[in-house]
Amino acid sequence: MPEFRELRIENGGGVISGVERSGGGTPIILLHGAGGNALWFKPLMTALAGRRVIAFDMPGHGGSTPAPDWEMESLAELIFSMSRQVVKGRVIWGGHSWGGKLAAMIAGTHPEAAHAMLLLDPSPASGIPIPAEMFVDVTFAGELGPWPSIEAAINSVRSLPQYSNWNGDLQRAFERGLTRGADGMLRARISRDTLIAICAAAGKDHSDTVRRASCPTLIAVADESLAWQEATNFAALPNATRSVIRSNHWLMTGNPTELNWAIETWLASLEQCALKMAQLG
């Protein structure tokens, strides 16, 4: 991955890791969903050639240390403050699922630092009416382990919807999220208990904060998610541009070609609008 640079940001004893691809234009910061890590965005970062794109490992994921608490307001402030060490000024805040909701909350709380938002099937602004324990066990149980070997781990997760269209990039992303315990077994770095805490916090109603985000926004959603996205995030951000992708919730692996095209097209239109405004001004 020679064109990508590993990041490590330290502040007050905490660490946020990630990957960066150098380039120009307004920086894009990407926040992954629960259980993921920065490398889930590698295909998108590769597609956005020439742009500066930073993908963080969220707290407790990849090489990042756990957060002091998992409440969304606290996490949004933690990520925003850490981001100021690598970017100054306005940013395109982007994210998938849990990370998408956090990106919207950062843009709503810090509008002066939000150039635009790029939300990929974000978690519902108005909350999730499913108990966190049930949601975690249904969604993530198959990728927590333990496994005796990397081969066993890969064979176990390849059939899960979040790992559809398995390839080398997705394998590297999966391996970034693993750790080997004292018993020699491989497990996910993120534990079931932590995932429950994350999903319980993300499941609360934060629509008032999300509605305060007023910058240009693209909401790219899976066709499988369209019904609940219309009732939640489309309702909270009625002026956002909408793009429906033929995919499951994990757009980056479910249909990267269509997703990347939608994002590149929207970013180009955003730049054209800015140029016209500058010429008129």
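Which residues does His96 touch, not counting residues up to four places away in sequence? In this predicted model, the partners are Leu31, His32, Gly33, Phe41, Leu120, Asp121, His249, Trp250, Leu251 and Met252. His96 sits in strand β5, which covers residues 91-96. Its relative accessible area is 2%. His96 is therefore buried, the limit being under 20%.

The overall fold comprises twelve helices and ten strands. The C-alpha trace spans about 65 × 45 × 40 Å along the principal axes. Of the contacts with a separation of 6 or more, 70% join residues 24 or more positions apart.

Burial and surface were then examined. Of the 281 residues, 54% count as buried. The accessible surface amounts to about 12000 Å². Carbon and sulfur atoms contribute 54% of that surface. Charged side chains number 23 positive and 27 negative. The centres of these two sets lie 6 Å apart.

In soluble globular proteins, nonpolar side chains tend to be buried together. Here, the largest nonpolar core holds 53 residues. Ile29, Leu31, Phe56, Trp93, Trp98, Leu102 and Met117 have the most contacts inside this core. Helix α3, residues 98-109, supplies the largest share, with seven residues. A second, separate core contains 42 residues. Among them are Ile28, Phe41, Leu120 and Leu259.

Neighbours within four places in sequence are left aside here. The contacts of Trp93 then include Ile29, Phe80, Ser83 and Arg84. They also include Ala103 and Ile106. Further contacts of Trp93 are Ala113, Ala114, Ala116, Met117, Leu118 and Leu119.

Glu112 lies in the loop between α3 and β6, the latter covering 114-120. Its relative accessibility is 52%, so Glu112 counts as exposed, the limit being over 50%. Beyond its neighbours within four places in sequence, Glu112 is in contact with Phe80 and Arg90. Glu112 and Arg90 are 22 residues apart in sequence. Their C-alpha atoms are 6.9 Å apart. Ala231 belongs to helix α9, residues 226-231. At a relative accessible area of 58%, Ala231 is also exposed. Ala231 and Ser126 are separated by 105 residues in sequence. The C-alpha to C-alpha distance of this pair is 9.2 Å.

Backbone geometry was considered last. Most residues other than glycine have a negative phi, and most peptide bonds are trans. The bond joining Gly145 and Pro146 is cis, with omega about 10°. Pro146 is placed in the loop between α4 (132-140) and α5 (150-157). Ser97 has a positive phi, near 60°. This residue is found in the loop between β5 and α3. With a relative accessible area of 12%, Ser97 is buried. Asn165 likewise has a positive phi, near 60°. Asn165 occupies the loop between α5 and α6, where α6 covers 168-176.

Conventions. Residues are numbered from 1 along each chain as its sequence is written. This is a predicted model: local features need pLDDT of at least 70, side-chain atom pairs count only at pLDDT 80 or more; totals for chains, interfaces and linings use all residues. Side-chain values use heavy atoms; hydrogens and water are left out. A nonpolar core is a set of buried Ala, Val, Leu, Ile, Met, Phe, Trp, Tyr and Cys residues joined through side-chain atoms within 4.5 Å. Buried means under 20% relative accessible area, exposed over 50%, partly exposed in between (1.4 Å probe, protein chains only). Helices (H or I, at least four residues) and strands (E, at least two) are DSSP runs, numbered from the N terminus. Contact means heavy atoms within 4.5 Å. Accessible areas come from the Shrake-Rupley method with a 1.4 Å probe; for residues, only the protein chains shown count as cover. Lys and Arg count as positive and Asp and Glu as negative; His and the chain ends are not counted. The place of a charge is taken as NZ of Lys, CZ of Arg, CG of Asp or CD of Glu.
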